[in-house]
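Dear colleague,

Please find below the structure that I am handing over to you. My findings follow directly after it, and I would ask you to read them with the structure open.

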Amino acid sequence: MFGRPLSRLLPRAPLHLSLPSPVPPFPRCCLSTSPPPPAPAAAPAAASTLFALPSLRSPSSFPELSHSCLSRCASLRSDILAEMSSPSSADHSLTLMKLDSISNVICSVIDAAELTRSVHADPAWRSAAESSFAILSHFISELNTDHELYQAVCELQERGWEGFTTEEKRMVVSLRVEFERDGIHMPERERESLLELKARITSLETTFQQNIVNQRKFFHLPRNPPDDPSFPSRFAQMFPPPLLSRVAQAAAELDPPLPPPPSPSHVVTTDGFFSASILKHVSSPAARRETFEASNTVCPENLPVLHELVSSRHELAGLLGHRSYAEKAAGDKMAGSVPNIRAFLAYVRGREGGKYREEMELLKDVKRRHTGGAEPIMPWDPQYYIHRHRQGLPGNLEAEVSAHLSVDSVLAGFESVVGSLFGVRMEEEGFGEGEAWCDVRGGGVKKFGFYDEGSGAPLGTLYFDLFPRENKYTHAAHFTVRCGCSFFDDREGGVVDQTPIVAVVVNLGSKSESNPLNFSECETLAHEFGHALHSLLSRTRFQHLSGTRGPTDFVEIPSHLFEYLIADEATLPLFTQGNEALSPGLVGMLKRSKEEFSGIDSMTQAMYAEFDQRLFGEHTGAVDSTAILKSVHEDYDMPYAEGTHWHSTFGHVNTYGGAYYSYLWAQCVAKDIYEGLRGGEGGTVGRGSGQRIRALLGPGSSEDPYVTIRNALGGKDWGGYGGRS
């Protein structure tokens, strides 16, 4: 209840079963994030604390705040139990506020620590944040098994709902469900067994993730493969000599050493940069096959770990009364049940299956024209032949679109969109001394304040960290430092309104705010900005229900919606340099390129979700994950490479086991909302759309997500995809 493992909000798995990017799990506060109430607003230049949080003045602040947090939570706990012991005088609203404030106090430290350890340039700050994170993660585990707090929540529900608001009812039910998810309602002996089992699962999850991070395979590629005369020049363009020298040096230090090659060769690794480049650009089928097989056999030691993890999760689900771990995972999602998830995946297959088959036939035709033969598409082929097909189209779409886009123009586009759609002013502001986590003079680190255009009232703060650097989190992510809510301030004895603080962390390749930005990077920014707006514009009473604190198949919807908005012909000019309109021909090409091969993309994601469901579905004996993977490929008519085990590096089984379908579900819902905003084929998103998007962002999880979606659809009845109505 007071904490659960989360990663960045559902990063998608990569296309075509290659190079899944591992995402380390980050335990976050389940009862949402909120630091202690801020000091009175000061001019930006006067700030001297990290993220402008008054308590974060130096690395030593983290241990001080951690111990203060424990003391404050103990006091709040005592107050709650004392109030519940006198039912006649207990105020259920105040009790709920205090329960929420326990999480608020914890998250004021642990969420700031999470961002700090992920982005701060100073190792002293990162180390202090890591220690604080560990202390409070352990404390969260203790709170989640606090039987007296659980009983307090049960008593609130059992007294009846008279006088409760809808949000208060959802808060109570949510707290109880989350407590019971960890078996707190079970007899003591069974609960002890469950806790031991959970500790074993956590250890297996940690081992699985560490193996992904630590494993790296070196292998040889011939310098002059007979099936690709262009290989030497292409390889030199992709990989500069200093990089190859470093890789060769690392390979020379291997013990046991890398076996000598039969002919002059390059030493390469399974690192994503090498593998993605080779699979996309190298003509040699042998080189692509070698790269694919090396990348998808890099972590064999994870197979027994995964099998034990699946078995242990299945045992856990059984102890909690579920038939499978997939059933347990579905319980708190919008889909609600395994049959509904199955119905959704069948819906996707029915909708996309024909397009998938047409696109695979197109790739076969491209391969036939390239090789002169009639070979089938192999697992290491799709990325190369998709790229080759696009190279054969007139013009260079990526270069033409990128010439109109930059970090500065996209951020200016965000300002225009929130102003025109929501009546919100997004204003760049300066950093105070000590507020930033790295040297802002290098660029790529920005701060924006959000204000209501009518009243001028502050709505929140958004930080951007845009470019890669040493010791920085390497993926794209949205971090919540503080949620927008009202909370009980235990130090002042009253309720305080709190504005959110969030951060968007990405690693763009442009390295400059004015350099061209490719469109896929724009979509990444839009995706994370959608998450950030969900946090910034959500207004709930409880932080537990604020913003992105909700089911994974719901909270991904706004991020996907903003990917659609950035590509809409009406809004796209807002993101270009000088707000210049792209030519109709270029806009048309961009739309076609997004639709092209979308069948392969959607069916690949559906196949991943199907694998996840079968892996964590009902089992009567030992699980053979590789056999499951092969059968899913066959059922989806997708090429499969014998002897490979891509899933041994599929980090999503840790953080989204039984729920990987959420990504595709949210994408489908977002598309339905987007098409509704456009008003049909040929329509565009207009100014009147803002109210309906606010209806999606504002409630957080304070109302039924199905109600939220229906409101975003303008009142249109919506009951999911073959599931709930």
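Helix α17 (residues 519–537) and helix α25 (residues 689–697) have axes that come within 9 Å and cross at roughly 80 degrees. An angle from 65 to 115 degrees counts as roughly perpendicular, and α17 and α25 are therefore roughly perpendicular to each other. On the side of α17, the contact is made by L533, H534 and L537, which meet R694, L696 and L697 of α25. By class, this contact of α17 with α25 comprises four nonpolar residues, one polar residue and one charged residue. Please note that the model is a predicted one.

A second pair of helices is α9 (residues 272–281) and α14 (residues 382–391), whose axes come within 6 Å and cross at roughly 55 degrees. At that angle, α9 and α14 are therefore oblique to each other. The residues in contact are A276, L279, K280 and H281 from α9, together with Q383, Y384 and H387 from α14. Sorted by class, the contact of α9 with α14 holds three nonpolar, three polar and one charged residues.

The next pair is formed by helix α21 (residues 598–615) and helix α22 (residues 625–635), which pack at an angle of about 140 degrees with their axes 10 Å apart. Only angles over 145 degrees count as roughly antiparallel, so α21 is oblique to α22. The crossing in which α21 passes α22 is right-handed. From α21, the residues M607, E610, F611, R614 and L615 take part; from α22, their partners are S625, I628, L629, S631, V632, H633 and D635. The contact of α21 with α22 divides into six nonpolar, three polar and three charged residues.

Rolling a probe the size of a water molecule over the atoms shows where empty space is left. The count comes to five cavities of 30 Å³ or more. The second largest cavity has a volume of about 70 Å³. Which residues line the second largest cavity? They are F414, V417, L421, A526, F562, L565, I566, T571 and F575. Two helices, α16 (407–422) and α19 (557–567), each supply at least two residues of this lining. The lining of the second largest cavity has eight nonpolar residues, one polar residue and no charged residue.

Most residues other than glycine have a negative phi, and most peptide bonds are trans. The peptide bond from D255 to P256, however, is cis, with omega near 5 degrees. P256 has its place in the loop between α8 (241–252) and β4 (265–269). The other point concerns N471, a residue other than glycine, whose phi is positive, near 65 degrees. N471 is found in the loop between β7 (458–465) and β8 (477–482).

With kind regards

Definitions and conventions. Residues are numbered from 1 along each chain as its sequence is written. This is a predicted model: local features need pLDDT of at least 70, side-chain atom pairs count only at pLDDT 80 or more; totals for chains, interfaces and linings use all residues. Side-chain values use heavy atoms; hydrogens and water are left out. On a 1 Å grid over the protein atoms alone, a cavity is a set of points where a 1.4 Å probe fits but cannot get out, and a pocket is an open set with protein on both sides within 12 Å along at least five of seven lines; lining residues have an atom within 4 Å of a point. Grid points are joined across faces, edges and corners, and a volume is the space filled by probe spheres set on the points. Helices (H or I, at least four residues) and strands (E, at least two) are DSSP runs, numbered from the N terminus. Ala, Val, Leu, Ile, Met, Phe, Trp, Tyr, Cys and Pro count as nonpolar, Asp, Glu, Lys and Arg as charged, and the others, Gly among them, as polar. Axes are lines fitted to C-alpha atoms, for helices over the stretch in contact, and angles run from 0 to 180 degrees between N-to-C directions. Angles under 35 degrees count as roughly parallel, over 145 as roughly antiparallel, 65 to 115 as roughly perpendicular and the rest as oblique. Contact means heavy atoms within 4.5 Å. A crossing is left-handed if the near helix is turned anticlockwise from the far one by less than a right angle, and right-handed if clockwise.
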